[in-house]
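Reader: I am new to this structure. Can you walk me through how to read it?
Author: Gladly. Here is the model.

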Amino acid sequence: MDWSQSLRLIAPEETLSVASLVLLLVAAWGGDKAARLISILAVAALVAAGVLVAPALCGGAMGAETSAFFGQFRADAFASYAKILIYLSAAVSLVIAPAFFDRFKAMRAEYPVLVLLAALGTGMMVSATDLLTLYIGLEMNSLAAYVLAAFLRTDGRSAEAGLKYFVLGALASGILLFGMSLTYGFAGATSFAGISASMTQGLSNGALFGIVFVFAGLAFKISAAPFHMWTPDVYEGAPTPVTTLFATAAKVGALGLTMRVAFEAFGDQSAAWQQIVVFAALASIVIGALGAIRQDNIKRLMAYSSINNVGFILIGLAVANPEGAAAMLYYMAIYVAMTVGGFVAILMLKDENGEPVEEISRMAGLSRTRPGLALALAMIMFSLAGIPPLFGFWGKFLVFKAAVDGGMVALAAIGFAASVIGAFYYLKVVKVIYFDEAADVVKGESDFWHKLILVLSCVFISPLGYLLTPWFDGLTRTAAAALFSGL
């Protein structure tokens, strides 16, 4: 093994690791009064890491030259695509945080450090090509996430969210570890390449159980049904900037890891896990849609929306070919933009005292008091519902097209029919803010960065987003090709 080559390939991770340790020392010496400076430096570290990973994506890096540390880590175009989305989402969660935490006088210096560590672990997840690297990255992300969920000490809901996330996360980690141990026991290897090679001759019952438990543990991390039960409570209780991180960066990392495991470790046995993925996809679409209908809290509605959207993304995984993988990656980018815009809009919903307005009923008539914010919310809801000509439609179209081209017409048809249910609760929000009598509750002023990020998100998901399709087509196909290059 060429150590210099391996160290060069993990340069983004080295950057985030060093930055995290240095900023932790700054936090220890400077205290909470240095929180804003640490946040700025953390965003700079994420931008630097993004710059370091971009050449691999633009150059279509794949194959043996992207492998590091005896095949435990891969810095290919697929990992680079996912990492750019992760670092971008993490940077947004840092930029939008001060205005939120300042209301509670709870902006602490540890927050940006924890976000950096979560981004570091999430990036390791999408580059993992060994069960050991997988678990290290997963736990690094999870340990930071547990603390972040309970970060708002003055709010009982935040403490509850952190405790629930920790308990259920520990259970999911146990399930995943059990699956990994079974897989290692019957495959005789921890590397994805070794696992794949051992299963080319057939699949034993023990290895099949290992696959089932591994996918069950990963389903928790992506909040796919029936392992979604933690999502509404954690999304509601966690501070909104933290919820933004969970719904974007953590989601992209978990989905990227699931794709890596499915295609590289168990690619030759796709028939064994396709049934699991098809069930999880349809269950997530239906449960996410039905669960959101009765919600009055906008953050809980977004949680069920997240579950619903994961179901659509998993349709691309069920196809088990490069076209399905490219459709997943395309959908993930659009989903990140819609979700970031949605949670930033939620942060801007404040009453005259600066207290958050999370009940949908209190947003009644928002279009007459805050027309710009109401328009942005309506665009985000229509895009999440997949209504053309907004860009969210294109993500759903691509995964359905991949399913039809892959011979899974029934899956596409059922998914399309179930998407109609989801449109109901999105349209309910639009109806409340445009047609109900004005409650005149949302009066608080918004931060400049919130306005800027919301405008950029809305421009991206507007019909103008279609101008980027040739560029995105090339990036997603390159990333998908890198994922399948060793198969």
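Reader: Which helix is Y331 found in?
Author: This is a predicted model. Y331 lies in helix α15.

Reader: Is Y331 buried or exposed?
Author: Look at the relative accessible area. Under 20% counts as buried. Y331 has 1%, so Y331 is buried.

Reader: Which residues does Y331 touch, leaving out those up to four places away in sequence?
Author: Y331 touches N309, F312, I313, G395, K396 and V399. With N309 there is also a polar contact, side chain to side chain, at 2.6 Å.

Reader: How far is the C-alpha atom of Y331 from that of T476?
Author: These two residues are 145 apart along the chain. Their C-alpha atoms are separated by 9.9 Å.

Reader: How do α15 and α17 pack?
Author: Start with angle and distance. Helix α15 spans residues 322-347, and helix α17 spans 371-385. The angle is about 145°, and the axes are 10 Å apart. The crossing of α15 past α17 is left-handed.

Reader: Which residues of α15 and α17 meet there?
Author: From α15 come M338, G341, G342 and A345. From α17 come L373, L377, I380, S383 and L384. The contact holds 6 nonpolar residues, 3 polar and no charged.

Reader: Which residues touch the most other members of the largest nonpolar core?
Author: In soluble globular proteins, nonpolar side chains tend to be buried together. Here the largest nonpolar core has 179 residues, and Y111, M259, F266 and L314 touch the most other members. Helix α15 gives the most to this core, 20 residues. A second, separate core has 6 residues, including I10 and F69.

Reader: What does M259 touch, leaving out residues up to four places away in sequence?
Author: Its contacts include A325, M328, L329 and M332. F78 and L483 are also among them.

Methods:
Residues are numbered from 1 along each chain as its sequence is written. This is a predicted model: local features need pLDDT of at least 70, side-chain atom pairs count only at pLDDT 80 or more; totals for chains, interfaces and linings use all residues. Side-chain values use heavy atoms; hydrogens and water are left out. Axes are lines fitted to C-alpha atoms, for helices over the stretch in contact, and angles run from 0 to 180 degrees between N-to-C directions. Helices (H or I, at least four residues) and strands (E, at least two) are DSSP runs, numbered from the N terminus. A crossing is left-handed if the near helix is turned anticlockwise from the far one by less than a right angle, and right-handed if clockwise. Contact means heavy atoms within 4.5 Å. Ala, Val, Leu, Ile, Met, Phe, Trp, Tyr, Cys and Pro count as nonpolar, Asp, Glu, Lys and Arg as charged, and the others, Gly among them, as polar. Buried means under 20% relative accessible area, exposed over 50%, partly exposed in between (1.4 Å probe, protein chains only). A polar contact is a pair of N or O atoms within 3.5 Å; within protein, one must be able to donate a hydrogen and the other to accept it, and residues adjacent in sequence count only if both atoms are side-chain atoms. A nonpolar core is a set of buried Ala, Val, Leu, Ile, Met, Phe, Trp, Tyr and Cys residues joined through side-chain atoms within 4.5 Å.
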